Amino acid sequence: MIVMAGIDYTHANIAQREALSFVAGQVGTLLADIRQRTGVAGCTLISTCNRTELYLSATAIVDPAALLCAAAGVAPERFEGIFVRRTGGDAVRHLMEVACGLRSQILGEDQIVTQVKQAAQLAREAGTADPVLATLFRCAATAGKLAKTETHLVAVPRSAAHRGIQLAAQRLGGLFGRRAVVIGNGEMGRIASDLLVSQGARVTVTLRTYRHGETIVPRGCATQPYEDRLSIIEGCDLVVSATTSPHYTLTAAQVDALTQKPALLLDLALPRDIDPAVEGVPCLNMDDLGELGSEDTLDRACILQIIEEQTARFDEWAAYRAALPVIEEIKQTAFERVWMGEGDEELMRAAVDKTVDMLLGGMKEAVSPQLLKKTLQKMQKNAVQAEQLRSKA
């Protein structure tokens, strides 16, 4: 049984989401802990700016919300009434909708497919993705990719960075000629930098000096070591922070110590990069982005069709997998009916197995454990009757 529990921007504010937000380096340890709990065959965790959702492949009755809180070391009472729980088909469909951007704060956002794939990858690396969850997340990622490539949104920002820069431009009366500092050179930071440059801002990006390997700096941006960030923030128009650091990139004391403070701060991270105790400078965060999109902004019918197809694909796989023990019994019963104790036993068994596989493989969409059990019972009944007739003869 697939079960899930999660919090998201529709039920939890940024402080509540922050308490259950995890960077990639933390996820593996959490998953390993949860996987050891009784009744858990597999687990995968999605942790983004707007949601934290734990998916379990369960062999017993378990509460994913309680397991997540226990592994994270937080009191479940803090989230009373905030967690949403789903089981079975509801959990499957919800993940499909998440991957397609239908559950996003920014409707149809570009980044969610990558985040779903990353969640699956982290579970694989931690050794906690059993075949059920691995297949489910693969189907969800396919749905998200198809929704992105086969449908289109109209006049809706494609990510939190797009919306954040849009709001910053409104607050500042435009970005042309404005001096902006972007802290963080990950995906979100690079998107923000590109957007700022495209709107005529003068952008400086901070880089960590300890990072090795190739560093991609958006075209048109100057660079500054992260350690020297405070020197370039003095008097700038906009500071955007978008890192995966578990610590503040700007503390209240650091901002207070500036001789000339920035005009606007934009925090695109969770956990938050900018200390919420900062005073004297307006600061936008993920909760300020609002919900964007409506029925008129996307081809919902097409997306729902994609979801139906990928859900059916997963259900078909799950039904066939659940039927495998019965299929093995059918093979054994069929072999016993045709084997007369003569000839090559191994060759006869292989022929029977291949025949059954060919028959069932051609109708996977109709295979179910319940129907196959009826078939097996009929075969066993016929075998008994045949044996009785032989004994009478």
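Predicted model: local features only at pLDDT ≥ 70, side-chain atom pairs only at ≥ 80, totals over all residues.
Residues are numbered from 1 along each chain as its sequence is written, and side-chain values use heavy atoms, with hydrogens and water left out.

**View 1. The largest pocket has a volume of about 1,000 Å³.** Its lining comprises 38 residues, and Gln118, Gly186, Glu187, Thr243 and Thr244 lie nearest the centre. Two or more lining residues come from each of helix H2 (24–35), strand S2 (40–47), helix H5 (111–126), H8 and strand S6 (202–207). H5 gives the most, six residues. The lining holds 18 nonpolar, 15 polar and five charged residues. A pocket is an open set of points on a 1 Å grid over the protein atoms alone, where a 1.4 Å probe fits, with protein on both sides within 12 Å along at least five of seven lines; lining residues have an atom within 4 Å of a point. Grid points are joined across faces, edges and corners, and the volume is the space filled by probe spheres set on them. Helices (H or I, at least four residues) and strands (E, at least two) are DSSP runs numbered from the N terminus.

**View 2. The second largest pocket is lined by 13 residues.** Closest to its centre are Met1, Ser57, Val132, Ala318 and Arg321. Strand S3 (51–58) and helix H11 (300–338) each give two or more residues to this lining, and H11 has the largest share, with five. By class, nine residues are nonpolar, three polar and one charged. Ala, Val, Leu, Ile, Met, Phe, Trp, Tyr, Cys and Pro count as nonpolar, Asp, Glu, Lys and Arg as charged, and the others, Gly among them, as polar.

**View 3. Asn185 sits in the loop between strand S5 (179–183) and helix H8 (187–198).** Asn185 is buried, at 8% relative accessible area (buried: under 20%, 1.4 Å probe, protein chains only). Beyond neighbours within four places in sequence, Asn185 contacts Arg190, Val205, Thr206, Leu207, Thr215, Ile216 and Pro218 (heavy atoms within 4.5 Å).

**View 4. Cys100 and Cys139 are both buried.** Their relative accessibilities are 7% for Cys100 and 3% for Cys139. The cysteine sulfur closest to that of Cys100 belongs to Cys302, 9.6 Å away and therefore too far for a bond. The whole structure has zero disulfides (pairs of cysteine sulfur atoms within 2.5 Å).

Methods. Buried < 20%, exposed > 50% of the residue type's maximum accessible area, 1.4 Å probe, protein only.
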